[in-house]
Amino acid sequence: MAQLMDGVRDRRVGLLVAGMHRSGTSAVTGSLERLGIPLGSSLLEPGEDNPKGYFEHARAVAIDDKLLDALDRRWDDIRALPQGWQQTEAAKVAGMAIAEMVREEFATTPVFAIKDPRLCRLLPAWRNGLAKAGAEPRVLLVARHPREVAASIHRRNDWPALVSEVLWLRYMLAAERDSRRLRRFVLTYDQLMRAPLAAMRTALQSLGVSIDGGAGQAALDSFVACEDRHFGASEGLESATPVAKIAGEAYARFIDLAEGRSVRPSVFDELAQRLEQSLEGSRVLIESLSHMCLHFRRDAEAARNEVYAVRSEFHAQLAWTESAVAERERLQAELAETHSKLAAQLAWSDAAVAKQEELQAELAETHSKLAAQLAWSDAAVAKQEELQAELAETHSKLAAQLAWSDAAVAKQEGLQAELAETHSKLAAQLAWSDAAVAKQEELQAASAQAHSELTEQLVRAELEAAQLDRLQAELAETNLKLVAQLTWSDAAVAKQEELQAALAQVRLELAETELGLARQIAWSEEAMRIREGLLDQLQAASSRGDALQSRLDQYEATLVGRQLRKWMDRKAAKGSAP
(Lines give C-alpha, C1' and ligand atoms only; values in the text may rest on other atoms or scores of the structure.)
Protein backbone atom coordinates (compact mmCIF):
# COMPACT_ATOMS: atom_id res chain seq x y z
CA MET A 1 0.00 0.00 0.00
CA ALA A 2 1.38 3.44 -0.97
CA GLN A 3 1.59 6.15 1.68
CA LEU A 4 2.20 9.89 1.77
CA MET A 5 5.70 10.80 2.86
CA ASP A 6 4.66 13.91 4.84
CA GLY A 7 2.54 11.81 7.22
CA VAL A 8 -0.32 14.34 7.38
CA ARG A 9 -3.45 12.58 8.56
CA ASP A 10 -6.71 12.76 6.56
CA ARG A 11 -4.90 14.06 3.49
CA ARG A 12 -5.68 12.39 0.20
CA VAL A 13 -3.64 12.75 -2.95
CA GLY A 14 -4.80 11.98 -6.48
CA LEU A 15 -2.00 11.33 -8.94
CA LEU A 16 -3.14 12.49 -12.38
CA VAL A 17 -1.18 10.63 -15.06
CA ALA A 18 -1.16 12.88 -18.13
CA GLY A 19 0.50 12.62 -21.51
CA MET A 20 -0.22 12.44 -25.22
CA HIS A 21 -1.81 9.25 -26.60
CA ARG A 22 0.74 6.52 -27.47
CA SER A 23 3.29 8.13 -25.10
CA GLY A 24 3.57 5.31 -22.54
CA THR A 25 0.96 6.54 -20.06
CA SER A 26 -0.53 3.02 -19.93
CA ALA A 27 2.85 1.49 -19.03
CA VAL A 28 3.38 4.14 -16.33
CA THR A 29 -0.10 3.70 -14.83
CA GLY A 30 0.14 -0.11 -14.95
CA SER A 31 3.44 0.20 -13.06
CA LEU A 32 1.75 2.37 -10.42
CA GLU A 33 -0.88 -0.33 -9.89
CA ARG A 34 1.80 -3.02 -9.48
CA LEU A 35 3.55 -0.83 -6.93
CA GLY A 36 0.40 -0.71 -4.79
CA ILE A 37 -1.39 2.47 -5.91
CA PRO A 38 -5.12 1.81 -6.56
CA LEU A 39 -6.71 2.87 -9.85
CA GLY A 40 -10.39 2.25 -9.07
CA SER A 41 -12.81 -0.58 -9.79
CA SER A 42 -14.02 0.09 -13.35
CA LEU A 43 -11.07 0.05 -15.75
CA LEU A 44 -11.44 -0.19 -19.51
CA GLU A 45 -10.84 -3.60 -21.06
CA PRO A 46 -7.55 -4.15 -22.98
CA GLY A 47 -7.65 -3.61 -26.75
CA GLU A 48 -5.77 -4.76 -29.83
CA ASP A 49 -3.53 -1.68 -29.75
CA ASN A 50 -2.91 -2.06 -25.99
CA PRO A 51 -3.18 -5.76 -25.06
CA LYS A 52 -1.77 -5.28 -21.53
CA GLY A 53 -4.49 -2.76 -20.73
CA TYR A 54 -5.23 0.96 -20.86
CA PHE A 55 -5.55 1.34 -17.06
CA GLU A 56 -8.10 4.10 -17.61
CA HIS A 57 -11.08 4.47 -15.31
CA ALA A 58 -14.22 4.10 -17.42
CA ARG A 59 -16.06 6.88 -15.58
CA ALA A 60 -13.11 9.27 -15.99
CA VAL A 61 -12.99 8.66 -19.74
CA ALA A 62 -16.77 9.14 -19.96
CA ILE A 63 -16.57 12.44 -18.04
CA ASP A 64 -13.80 13.74 -20.31
CA ASP A 65 -15.54 12.66 -23.51
CA LYS A 66 -18.79 14.29 -22.40
CA LEU A 67 -17.01 17.55 -21.55
CA LEU A 68 -15.15 17.61 -24.88
CA ASP A 69 -18.39 16.90 -26.74
CA ALA A 70 -20.09 19.80 -24.94
CA LEU A 71 -17.19 22.00 -26.10
CA ASP A 72 -17.71 20.77 -29.70
CA ARG A 73 -14.44 18.87 -29.58
CA ARG A 74 -13.04 15.34 -29.52
CA TRP A 75 -9.81 13.81 -28.21
CA ASP A 76 -8.25 13.98 -31.71
CA ASP A 77 -9.28 17.58 -32.47
CA ILE A 78 -6.18 19.68 -33.27
CA ARG A 79 -8.00 22.95 -32.55
CA ALA A 80 -7.44 24.79 -29.30
CA LEU A 81 -10.25 24.51 -26.77
CA PRO A 82 -12.75 27.41 -26.79
CA GLN A 83 -11.67 30.52 -24.95
CA GLY A 84 -12.94 30.54 -21.35
CA TRP A 85 -14.17 26.96 -21.43
CA GLN A 86 -13.23 26.55 -17.75
CA GLN A 87 -16.16 28.80 -16.77
CA THR A 88 -18.77 27.00 -18.88
CA GLU A 89 -21.66 25.08 -17.38
CA ALA A 90 -20.26 21.88 -18.94
CA ALA A 91 -16.97 22.34 -17.06
CA LYS A 92 -18.85 22.86 -13.78
CA VAL A 93 -20.90 19.70 -14.38
CA ALA A 94 -17.72 17.77 -15.16
CA GLY A 95 -16.12 19.02 -11.94
CA MET A 96 -19.08 17.79 -9.88
CA ALA A 97 -19.00 14.41 -11.66
CA ILE A 98 -15.27 14.09 -10.94
CA ALA A 99 -15.84 14.89 -7.26
CA GLU A 100 -18.62 12.31 -7.04
CA MET A 101 -16.46 9.64 -8.67
CA VAL A 102 -13.52 10.33 -6.33
CA ARG A 103 -15.75 10.19 -3.24
CA GLU A 104 -17.30 6.88 -4.32
CA GLU A 105 -14.12 5.17 -5.55
CA PHE A 106 -11.42 6.52 -3.22
CA ALA A 107 -13.21 7.61 -0.04
CA THR A 108 -10.67 5.96 2.32
CA THR A 109 -7.64 5.81 0.02
CA PRO A 110 -4.75 8.14 0.94
CA VAL A 111 -3.11 7.86 -2.50
CA PHE A 112 -4.79 6.92 -5.78
CA ALA A 113 -4.08 7.43 -9.48
CA ILE A 114 -6.28 8.34 -12.45
CA LYS A 115 -5.01 8.15 -16.03
CA ASP A 116 -6.51 9.50 -19.22
CA PRO A 117 -4.54 11.27 -21.97
CA ARG A 118 -7.44 13.75 -22.25
CA LEU A 119 -6.40 15.04 -18.81
CA CYS A 120 -3.70 17.05 -20.60
CA ARG A 121 -6.29 19.39 -22.07
CA LEU A 122 -8.81 19.24 -19.21
CA LEU A 123 -6.56 19.65 -16.14
CA PRO A 124 -8.48 22.70 -14.78
CA ALA A 125 -11.68 20.67 -14.53
CA TRP A 126 -9.87 17.82 -12.74
CA ARG A 127 -8.09 20.22 -10.41
CA ASN A 128 -11.45 21.70 -9.36
CA GLY A 129 -13.14 18.28 -9.12
CA LEU A 130 -10.47 16.79 -6.86
CA ALA A 131 -10.53 19.91 -4.68
CA LYS A 132 -14.31 19.51 -4.23
CA ALA A 133 -13.73 15.88 -3.14
CA GLY A 134 -11.08 16.94 -0.60
CA ALA A 135 -8.15 15.47 -2.53
CA GLU A 136 -4.94 17.21 -3.62
CA PRO A 137 -4.08 16.81 -7.31
CA ARG A 138 -0.48 16.00 -8.21
CA VAL A 139 0.55 15.52 -11.82
CA LEU A 140 2.80 12.83 -13.31
CA LEU A 141 3.44 14.07 -16.87
CA VAL A 142 4.72 11.42 -19.29
CA ALA A 143 6.68 12.66 -22.33
CA ARG A 144 7.70 10.71 -25.43
CA HIS A 145 9.47 11.97 -28.53
CA PRO A 146 6.79 13.38 -30.89
CA ARG A 147 8.33 11.50 -33.83
CA GLU A 148 7.78 8.17 -32.04
CA VAL A 149 4.23 9.17 -31.12
CA ALA A 150 3.51 10.12 -34.75
CA ALA A 151 4.87 6.76 -35.98
CA SER A 152 2.77 4.82 -33.47
CA ILE A 153 -0.39 6.75 -34.37
CA HIS A 154 0.38 6.33 -38.07
CA ARG A 155 0.50 2.56 -37.66
CA ARG A 156 -2.75 2.48 -35.69
CA ASN A 157 -4.75 5.28 -37.38
CA ASP A 158 -2.84 5.94 -40.62
CA TRP A 159 -2.56 9.66 -39.76
CA PRO A 160 0.07 11.93 -41.33
CA ALA A 161 2.90 13.04 -39.05
CA LEU A 162 1.84 16.70 -39.11
CA VAL A 163 -1.54 15.98 -37.49
CA SER A 164 0.05 13.89 -34.71
CA GLU A 165 2.71 16.55 -34.07
CA VAL A 166 0.13 19.35 -33.77
CA LEU A 167 -1.96 17.17 -31.45
CA TRP A 168 1.16 16.30 -29.40
CA LEU A 169 1.91 20.00 -28.93
CA ARG A 170 -1.71 20.74 -27.98
CA TYR A 171 -1.68 18.02 -25.30
CA MET A 172 1.78 18.55 -23.85
CA LEU A 173 1.84 22.36 -23.82
CA ALA A 174 -1.64 22.51 -22.23
CA ALA A 175 -0.61 19.96 -19.58
CA GLU A 176 2.59 21.90 -18.77
CA ARG A 177 0.73 25.23 -18.60
CA ASP A 178 -2.14 24.04 -16.40
CA SER A 179 0.07 22.06 -13.97
CA ARG A 180 2.52 24.86 -13.11
CA ARG A 181 0.87 25.60 -9.77
CA LEU A 182 0.60 21.92 -8.87
CA ARG A 183 3.15 19.52 -7.52
CA ARG A 184 4.32 17.64 -10.59
CA PHE A 185 7.02 15.46 -12.08
CA VAL A 186 7.98 14.90 -15.73
CA LEU A 187 8.94 11.33 -16.69
CA THR A 188 10.12 10.42 -20.17
CA TYR A 189 9.27 7.16 -21.90
CA ASP A 190 13.01 6.57 -22.42
CA GLN A 191 13.64 6.74 -18.65
CA LEU A 192 10.89 4.19 -18.01
CA MET A 193 12.22 1.76 -20.63
CA ARG A 194 15.84 2.01 -19.40
CA ALA A 195 15.15 1.38 -15.70
CA PRO A 196 11.46 0.92 -14.83
CA LEU A 197 11.79 0.57 -11.05
CA ALA A 198 14.31 3.38 -10.61
CA ALA A 199 12.25 5.72 -12.80
CA MET A 200 9.02 4.99 -10.90
CA ARG A 201 10.66 5.33 -7.47
CA THR A 202 12.18 8.69 -8.44
CA ALA A 203 8.86 9.96 -9.81
CA LEU A 204 6.87 8.88 -6.74
CA GLN A 205 9.45 10.25 -4.33
CA SER A 206 9.31 13.62 -6.12
CA LEU A 207 5.53 13.53 -5.78
CA GLY A 208 5.73 12.77 -2.06
CA VAL A 209 4.59 9.16 -2.24
CA SER A 210 6.35 6.18 -0.70
CA ILE A 211 5.73 2.58 -1.75
CA ASP A 212 6.07 -0.71 0.07
CA GLY A 213 9.70 -1.77 0.32
CA GLY A 214 8.76 -5.26 -0.90
CA ALA A 215 7.46 -3.89 -4.19
CA GLY A 216 10.54 -4.04 -6.40
CA GLN A 217 12.09 -5.16 -9.59
CA ALA A 218 10.10 -8.38 -9.98
CA ALA A 219 6.81 -6.45 -9.96
CA LEU A 220 7.82 -4.42 -13.03
CA ASP A 221 10.06 -6.86 -14.93
CA SER A 222 6.99 -8.93 -15.82
CA PHE A 223 5.10 -5.85 -16.99
CA VAL A 224 7.43 -3.28 -18.59
CA ALA A 225 9.24 -4.96 -21.48
CA CYS A 226 11.54 -3.47 -24.11
CA GLU A 227 9.76 -5.43 -26.85
CA ASP A 228 6.65 -3.34 -26.16
CA ARG A 229 8.48 -0.40 -27.71
CA HIS A 230 7.97 -0.60 -31.46
CA PHE A 231 9.47 2.72 -32.50
CA GLY A 232 12.56 4.74 -31.62
CA ALA A 233 13.10 8.42 -32.33
CA SER A 234 15.34 7.53 -35.30
CA GLU A 235 12.67 5.19 -36.70
CA GLY A 236 9.77 7.63 -36.60
CA LEU A 237 8.15 9.48 -39.48
CA GLU A 238 10.41 12.14 -41.01
CA SER A 239 8.86 15.62 -40.88
CA ALA A 240 10.63 18.87 -41.74
CA THR A 241 7.68 21.20 -41.13
CA PRO A 242 7.82 24.20 -38.77
CA VAL A 243 5.46 22.29 -36.48
CA ALA A 244 7.93 19.38 -36.29
CA LYS A 245 10.71 21.80 -35.32
CA ILE A 246 8.56 23.33 -32.57
CA ALA A 247 7.66 19.86 -31.28
CA GLY A 248 11.32 18.84 -31.23
CA GLU A 249 12.25 21.94 -29.22
CA ALA A 250 9.36 21.35 -26.82
CA TYR A 251 10.41 17.74 -26.25
CA ALA A 252 13.97 18.91 -25.49
CA ARG A 253 12.61 21.22 -22.79
CA PHE A 254 10.53 18.35 -21.30
CA ILE A 255 13.74 16.29 -21.14
CA ASP A 256 15.31 19.17 -19.20
CA LEU A 257 12.44 19.05 -16.69
CA ALA A 258 12.65 15.25 -16.45
CA GLU A 259 16.38 15.42 -15.70
CA GLY A 260 15.94 18.06 -13.02
CA ARG A 261 16.94 21.16 -14.98
CA SER A 262 14.73 24.21 -14.62
CA VAL A 263 12.93 25.71 -17.61
CA ARG A 264 11.24 29.10 -17.52
CA PRO A 265 7.46 28.94 -18.17
CA SER A 266 7.89 31.67 -20.77
CA VAL A 267 9.84 29.19 -22.92
CA PHE A 268 6.80 26.97 -23.22
CA ASP A 269 4.55 30.00 -23.73
CA GLU A 270 6.78 31.13 -26.60
CA LEU A 271 6.57 27.64 -28.16
CA ALA A 272 2.76 27.75 -27.87
CA GLN A 273 2.74 31.19 -29.51
CA ARG A 274 4.94 29.91 -32.38
CA LEU A 275 2.53 27.01 -32.87
CA GLU A 276 -0.42 29.37 -33.20
CA GLN A 277 1.54 31.53 -35.65
CA SER A 278 2.45 28.52 -37.80
CA LEU A 279 -1.22 27.52 -37.97
CA GLU A 280 -2.59 31.01 -38.47
CA GLY A 281 -2.65 30.83 -42.27
CA SER A 282 -4.65 27.58 -42.17
CA ARG A 283 -6.86 28.39 -39.21
CA VAL A 284 -10.08 28.77 -41.21
CA LEU A 285 -9.40 25.54 -43.10
CA ILE A 286 -8.50 23.70 -39.88
CA GLU A 287 -11.66 24.98 -38.21
CA SER A 288 -13.82 23.87 -41.14
CA LEU A 289 -12.20 20.46 -41.53
CA SER A 290 -12.22 19.79 -37.80
CA HIS A 291 -15.89 20.70 -37.57
CA MET A 292 -16.68 18.44 -40.53
CA CYS A 293 -14.65 15.54 -39.06
CA LEU A 294 -16.39 16.00 -35.73
CA HIS A 295 -19.81 15.60 -37.33
CA PHE A 296 -18.60 12.64 -39.40
CA ARG A 297 -17.37 10.91 -36.27
CA ARG A 298 -20.59 11.67 -34.41
CA ASP A 299 -22.59 10.16 -37.28
CA ALA A 300 -20.33 7.10 -37.25
CA GLU A 301 -20.77 6.71 -33.49
CA ALA A 302 -24.55 7.04 -33.83
CA ALA A 303 -24.54 4.36 -36.55
CA ARG A 304 -22.32 2.14 -34.41
CA ASN A 305 -24.66 2.57 -31.44
CA GLU A 306 -27.61 1.69 -33.66
CA VAL A 307 -25.82 -1.47 -34.80
CA TYR A 308 -25.13 -2.36 -31.17
CA ALA A 309 -28.81 -1.83 -30.33
CA VAL A 310 -29.96 -4.03 -33.22
CA ARG A 311 -27.42 -6.68 -32.27
CA SER A 312 -28.59 -6.56 -28.65
CA GLU A 313 -32.22 -6.91 -29.76
CA PHE A 314 -31.26 -9.84 -31.99
CA HIS A 315 -29.48 -11.61 -29.13
CA ALA A 316 -32.48 -11.01 -26.86
CA GLN A 317 -34.80 -12.47 -29.50
CA LEU A 318 -32.46 -15.43 -29.92
CA ALA A 319 -32.43 -16.02 -26.16
CA TRP A 320 -36.24 -15.84 -26.09
CA THR A 321 -36.42 -18.38 -28.94
CA GLU A 322 -34.08 -20.74 -27.12
CA SER A 323 -36.14 -20.47 -23.93
CA ALA A 324 -39.34 -21.10 -25.93
CA VAL A 325 -37.80 -24.23 -27.46
CA ALA A 326 -36.73 -25.39 -24.00
CA GLU A 327 -40.25 -24.75 -22.68
CA ARG A 328 -41.75 -26.72 -25.59
CA GLU A 329 -39.38 -29.63 -24.90
CA ARG A 330 -40.34 -29.52 -21.22
CA LEU A 331 -44.05 -29.61 -22.08
CA GLN A 332 -43.47 -32.49 -24.47
CA ALA A 333 -41.66 -34.38 -21.71
CA GLU A 334 -44.55 -33.70 -19.32
CA LEU A 335 -47.00 -34.91 -21.95
CA ALA A 336 -45.01 -38.11 -22.44
CA GLU A 337 -44.93 -38.64 -18.68
CA THR A 338 -48.71 -38.09 -18.53
CA HIS A 339 -49.21 -40.64 -21.31
CA SER A 340 -47.08 -43.12 -19.36
CA LYS A 341 -49.06 -42.57 -16.18
CA LEU A 342 -52.30 -42.87 -18.11
CA ALA A 343 -51.19 -46.18 -19.60
CA ALA A 344 -50.27 -47.48 -16.13
CA GLN A 345 -53.64 -46.32 -14.77
CA LEU A 346 -55.49 -48.08 -17.60
CA ALA A 347 -53.54 -51.28 -16.96
CA TRP A 348 -54.44 -51.12 -13.26
CA SER A 349 -58.11 -50.52 -14.16
CA ASP A 350 -58.11 -53.56 -16.47
CA ALA A 351 -56.70 -55.69 -13.66
CA ALA A 352 -59.38 -54.36 -11.26
CA VAL A 353 -62.15 -55.18 -13.77
CA ALA A 354 -60.76 -58.71 -14.22
CA LYS A 355 -60.70 -59.17 -10.45
CA GLN A 356 -64.29 -57.93 -10.17
CA GLU A 357 -65.45 -60.37 -12.87
CA GLU A 358 -63.70 -63.19 -11.02
CA LEU A 359 -65.53 -62.28 -7.80
CA GLN A 360 -68.85 -62.09 -9.63
CA ALA A 361 -68.26 -65.60 -11.03
CA GLU A 362 -67.55 -66.90 -7.53
CA LEU A 363 -70.73 -65.19 -6.29
CA ALA A 364 -72.78 -66.82 -9.08
CA GLU A 365 -71.30 -70.19 -8.18
CA THR A 366 -72.23 -69.60 -4.54
CA HIS A 367 -75.81 -68.73 -5.53
CA SER A 368 -75.98 -71.93 -7.57
CA LYS A 369 -74.85 -74.00 -4.65
CA LEU A 370 -77.35 -72.24 -2.41
CA ALA A 371 -80.20 -73.05 -4.80
CA ALA A 372 -79.15 -76.69 -4.81
CA GLN A 373 -79.16 -76.75 -1.06
CA LEU A 374 -82.66 -75.30 -0.92
CA ALA A 375 -83.97 -78.01 -3.27
CA TRP A 376 -83.10 -80.56 -0.68
CA SER A 377 -85.38 -78.96 1.92
CA ASP A 378 -88.42 -81.33 1.56
CA ALA A 379 -86.31 -84.47 1.60
CA ALA A 380 -83.95 -83.36 4.39
CA VAL A 381 -86.15 -81.82 7.06
CA ALA A 382 -83.98 -83.18 9.80
CA LYS A 383 -81.01 -81.71 8.11
CA GLN A 384 -82.79 -78.34 7.65
CA GLU A 385 -81.51 -76.62 10.79
CA GLU A 386 -78.00 -77.68 10.10
CA LEU A 387 -78.38 -76.51 6.55
CA GLN A 388 -80.03 -73.27 7.73
CA ALA A 389 -77.05 -72.60 10.02
CA GLU A 390 -74.70 -73.34 7.19
CA LEU A 391 -76.80 -71.09 4.96
CA ALA A 392 -76.67 -68.29 7.54
CA GLU A 393 -72.90 -68.64 7.71
CA THR A 394 -72.76 -68.54 3.92
CA HIS A 395 -74.97 -65.45 3.88
CA SER A 396 -72.61 -63.80 6.39
CA LYS A 397 -69.60 -64.54 4.20
CA LEU A 398 -71.57 -63.40 1.18
CA ALA A 399 -72.42 -60.08 2.89
CA ALA A 400 -68.73 -59.54 3.74
CA GLN A 401 -67.81 -60.38 0.17
CA LEU A 402 -70.44 -57.96 -1.15
CA ALA A 403 -69.15 -55.18 1.16
CA TRP A 404 -65.64 -55.75 -0.19
CA SER A 405 -67.03 -55.65 -3.72
CA ASP A 406 -68.79 -52.33 -2.99
CA ALA A 407 -65.51 -50.88 -1.72
CA ALA A 408 -63.76 -52.13 -4.84
CA VAL A 409 -66.49 -50.57 -7.00
CA ALA A 410 -66.13 -47.23 -5.15
CA LYS A 411 -62.35 -47.38 -5.65
CA GLN A 412 -62.88 -48.15 -9.32
CA GLU A 413 -65.23 -45.15 -9.69
CA GLY A 414 -62.60 -42.88 -8.11
CA LEU A 415 -60.01 -44.18 -10.54
CA GLN A 416 -62.45 -43.69 -13.39
CA ALA A 417 -63.00 -40.06 -12.31
CA GLU A 418 -59.22 -39.53 -12.21
CA LEU A 419 -59.00 -41.17 -15.61
CA ALA A 420 -61.71 -38.81 -16.92
CA GLU A 421 -59.73 -35.80 -15.61
CA THR A 422 -56.61 -37.10 -17.36
CA HIS A 423 -58.66 -37.55 -20.53
CA SER A 424 -59.86 -33.95 -20.17
CA LYS A 425 -56.28 -32.65 -19.90
CA LEU A 426 -55.30 -34.81 -22.84
CA ALA A 427 -58.24 -33.42 -24.82
CA ALA A 428 -57.11 -29.85 -24.01
CA GLN A 429 -53.60 -30.69 -25.21
CA LEU A 430 -55.04 -32.23 -28.38
CA ALA A 431 -57.16 -29.09 -28.91
CA TRP A 432 -53.96 -26.99 -28.65
CA SER A 433 -52.32 -29.29 -31.20
CA ASP A 434 -55.36 -28.97 -33.48
CA ALA A 435 -55.11 -25.17 -33.23
CA ALA A 436 -51.42 -25.37 -34.15
CA VAL A 437 -52.29 -27.61 -37.10
CA ALA A 438 -55.03 -25.16 -38.14
CA LYS A 439 -52.48 -22.31 -37.99
CA GLN A 440 -50.13 -24.34 -40.13
CA GLU A 441 -52.94 -25.05 -42.61
CA GLU A 442 -53.76 -21.33 -42.64
CA LEU A 443 -50.12 -20.57 -43.49
CA GLN A 444 -50.19 -23.25 -46.18
CA ALA A 445 -53.38 -21.70 -47.59
CA ALA A 446 -51.66 -18.30 -47.65
CA SER A 447 -48.71 -19.87 -49.44
CA ALA A 448 -51.11 -21.54 -51.91
CA GLN A 449 -52.82 -18.19 -52.50
CA ALA A 450 -49.43 -16.55 -53.16
CA HIS A 451 -48.66 -19.38 -55.58
CA SER A 452 -52.07 -18.87 -57.22
CA GLU A 453 -51.41 -15.14 -57.59
CA LEU A 454 -48.03 -15.89 -59.10
CA THR A 455 -49.66 -18.36 -61.53
CA GLU A 456 -52.21 -15.68 -62.42
CA GLN A 457 -49.36 -13.26 -63.14
CA LEU A 458 -47.72 -15.86 -65.38
CA VAL A 459 -51.04 -16.33 -67.20
CA ARG A 460 -51.21 -12.57 -67.65
CA ALA A 461 -47.67 -12.64 -69.01
CA GLU A 462 -48.69 -15.33 -71.48
CA LEU A 463 -51.75 -13.24 -72.46
CA GLU A 464 -49.41 -10.30 -73.03
CA ALA A 465 -47.28 -12.58 -75.21
CA ALA A 466 -50.43 -13.59 -77.12
CA GLN A 467 -51.27 -9.89 -77.50
CA LEU A 468 -47.77 -9.41 -78.87
CA ASP A 469 -48.37 -12.22 -81.40
CA ARG A 470 -51.66 -10.56 -82.41
CA LEU A 471 -49.93 -7.23 -82.89
CA GLN A 472 -47.28 -8.94 -84.97
CA ALA A 473 -50.03 -10.48 -87.09
CA GLU A 474 -51.59 -7.05 -87.48
CA LEU A 475 -48.19 -5.70 -88.41
CA ALA A 476 -47.82 -8.41 -91.05
CA GLU A 477 -51.28 -7.57 -92.39
CA THR A 478 -50.36 -3.90 -92.45
CA ASN A 479 -47.19 -4.73 -94.34
CA LEU A 480 -49.21 -6.69 -96.91
CA LYS A 481 -51.55 -3.74 -97.31
CA LEU A 482 -48.52 -1.51 -97.63
CA VAL A 483 -47.18 -3.69 -100.45
CA ALA A 484 -50.57 -3.58 -102.16
CA GLN A 485 -50.66 0.17 -101.86
CA LEU A 486 -47.13 0.52 -103.17
CA THR A 487 -48.17 -1.25 -106.38
CA TRP A 488 -50.66 1.50 -107.18
CA SER A 489 -48.05 3.89 -108.58
CA ASP A 490 -47.13 7.42 -107.70
CA ALA A 491 -50.67 8.38 -106.70
CA ALA A 492 -50.42 6.04 -103.64
CA VAL A 493 -47.36 7.80 -102.14
CA ALA A 494 -49.54 9.83 -99.81
CA LYS A 495 -51.32 6.65 -98.75
CA GLN A 496 -47.96 5.00 -98.16
CA GLU A 497 -46.90 7.79 -95.82
CA GLU A 498 -50.16 7.35 -93.94
CA LEU A 499 -49.47 3.63 -93.64
CA GLN A 500 -45.96 4.34 -92.43
CA ALA A 501 -47.41 6.57 -89.73
CA ALA A 502 -49.81 3.73 -88.83
CA LEU A 503 -46.81 1.40 -88.77
CA ALA A 504 -45.00 3.77 -86.38
CA GLN A 505 -48.11 3.85 -84.19
CA VAL A 506 -48.23 0.06 -84.24
CA ARG A 507 -44.58 -0.03 -83.29
CA LEU A 508 -45.26 2.42 -80.44
CA GLU A 509 -48.12 0.25 -79.21
CA LEU A 510 -45.86 -2.76 -79.54
CA ALA A 511 -43.18 -0.98 -77.47
CA GLU A 512 -45.77 -0.09 -74.83
CA THR A 513 -46.96 -3.69 -74.83
CA GLU A 514 -43.38 -4.83 -74.41
CA LEU A 515 -42.95 -2.32 -71.58
CA GLY A 516 -46.06 -3.74 -69.88
CA LEU A 517 -44.71 -7.22 -70.46
CA ALA A 518 -41.35 -6.16 -68.97
CA ARG A 519 -43.16 -4.78 -65.90
CA GLN A 520 -45.09 -8.03 -65.56
CA ILE A 521 -41.84 -9.96 -65.84
CA ALA A 522 -40.18 -7.70 -63.23
CA TRP A 523 -43.11 -8.28 -60.88
CA SER A 524 -42.86 -12.00 -61.54
CA GLU A 525 -39.14 -11.95 -60.76
CA GLU A 526 -39.90 -10.34 -57.39
CA ALA A 527 -42.50 -12.98 -56.66
CA MET A 528 -40.13 -15.72 -57.75
CA ARG A 529 -37.54 -14.54 -55.23
CA ILE A 530 -40.14 -15.40 -52.62
CA ARG A 531 -40.74 -18.77 -54.29
CA GLU A 532 -37.32 -19.65 -55.67
CA GLY A 533 -38.65 -22.82 -57.20
CA LEU A 534 -40.42 -20.81 -60.00
CA LEU A 535 -37.27 -18.94 -61.11
CA ASP A 536 -36.68 -21.11 -64.21
CA GLN A 537 -40.26 -20.56 -65.47
CA LEU A 538 -39.92 -16.76 -65.20
CA GLN A 539 -36.55 -16.81 -66.97
CA ALA A 540 -38.13 -18.90 -69.77
CA ALA A 541 -40.94 -16.31 -70.09
CA SER A 542 -38.37 -13.49 -70.26
CA SER A 543 -36.35 -15.37 -72.88
CA ARG A 544 -39.55 -15.95 -74.86
CA GLY A 545 -40.21 -12.17 -74.87
CA ASP A 546 -36.66 -11.49 -76.06
CA ALA A 547 -37.08 -14.07 -78.83
CA LEU A 548 -40.35 -12.45 -79.93
CA GLN A 549 -38.64 -9.05 -80.04
CA SER A 550 -35.80 -10.51 -82.08
CA ARG A 551 -38.24 -12.17 -84.46
CA LEU A 552 -40.15 -8.87 -84.82
CA ASP A 553 -36.95 -6.93 -85.59
CA GLN A 554 -35.92 -9.58 -88.10
CA TYR A 555 -39.37 -9.57 -89.66
CA GLU A 556 -39.35 -5.81 -90.05
CA ALA A 557 -35.83 -5.86 -91.45
CA THR A 558 -36.68 -8.50 -94.02
CA LEU A 559 -40.30 -8.06 -95.11
CA VAL A 560 -40.71 -4.29 -94.87
CA GLY A 561 -37.23 -3.60 -96.17
CA ARG A 562 -37.68 -6.00 -99.05
CA GLN A 563 -41.04 -4.51 -100.04
CA LEU A 564 -39.69 -0.96 -99.83
CA ARG A 565 -36.75 -1.87 -102.04
CA LYS A 566 -39.10 -3.41 -104.63
CA TRP A 567 -41.22 -0.29 -104.63
CA MET A 568 -38.17 1.94 -105.05
CA ASP A 569 -36.94 -0.22 -107.91
CA ARG A 570 -40.33 0.06 -109.68
CA LYS A 571 -40.34 3.79 -109.01
CA ALA A 572 -36.92 4.13 -110.57
CA ALA A 573 -37.93 1.99 -113.58
CA LYS A 574 -40.96 4.19 -114.28
CA GLY A 575 -38.86 7.30 -114.01
CA SER A 576 -36.39 6.08 -116.64
CA ALA A 577 -39.08 4.98 -119.19
CA PRO A 578 -39.61 7.29 -122.34
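## Stop one: a helix-to-helix link

Select Arg 59 first: this residue is partly exposed, because its relative accessible area is 28%. Keep in mind as you click around that you are looking at a predicted model. Arg 59 and Glu 104 form a salt bridge, and their closest N and O atoms are 2.7 Å apart. What does the pair tie together? Arg 59 sits in helix α2 and Glu 104 in helix α3 (residues 89-105), so the bridge ties together parts that are 45 residues apart in sequence. As a general idea, side chains of opposite charge can pair when their charged atoms come close.

Select Asp 256 and Arg 261. Their side chains meet in a salt bridge, at 2.8 Å from N to O. Is Asp 256 buried or exposed? With a relative accessibility of 14%, Asp 256 counts as buried, because the cut-off for buried is under 20%. Arg 261, on the other hand, is partly exposed, with a relative accessible area of 39%.

Next, pick Glu 176, Arg 180, Arg 184 and Asp 269. Show their side chains together, as these four residues are linked in a network of salt bridges.

Then go to Arg 177 and Asp 178. This pair forms a salt bridge too, with the closest N and O atoms 3.2 Å apart. Arg 177 counts as partly exposed at 45% relative accessibility, while Asp 178 is buried, with a relative accessible area of 12%.

Sorted by type, the lining of the second largest pocket has ten nonpolar, three polar and eight charged residues.

## Stop four: a closed space

The structure holds two cavities of 30 Å³ or more. Let's look at the second largest cavity, which has a volume of about 30 Å³. To see what surrounds it, select Leu 68, Arg 74, Trp 75, Arg 118, Arg 121 and Tyr 171, the residues that line this cavity. The lining of the second largest cavity divides into three nonpolar residues, three charged and no polar ones.

A bit of background: most residues other than glycine have a negative phi. Now select Phe 55, in the loop between α1 (25-34) and α2 (58-70). Phe 55 is not a glycine, yet it has a positive phi of about 60°. This residue is buried, with a relative accessible area of 8%.

Finish at Asp 158, in the loop between α5 (146-157) and α6 (161-178). Here, too, phi is positive in a residue other than glycine, with a value near 60°. Is Asp 158 buried or exposed? Asp 158 counts as exposed, because its relative accessibility is 57% and the cut-off is over 50%.

Notes: Residues numbered from 1 in each chain as written. Predicted model: local features only at pLDDT ≥ 70, side-chain atom pairs only at ≥ 80, totals over all residues. Heavy atoms only, no water. 1 Å grid on protein atoms, 1.4 Å probe; cavity = no way out; pocket = protein on both sides within 12 Å on 5 of 7 lines; lining within 4 Å. Points joined across faces, edges and corners; volume = space filled by probe spheres on them. Nonpolar A, V, L, I, M, F, W, Y, C, P; charged D, E, K, R; others polar. Helix = DSSP H or I, 4+ residues; strand = E, 2+ residues; numbered from the N terminus. Buried < 20%, exposed > 50% of the residue type's maximum accessible area, 1.4 Å probe, protein only.
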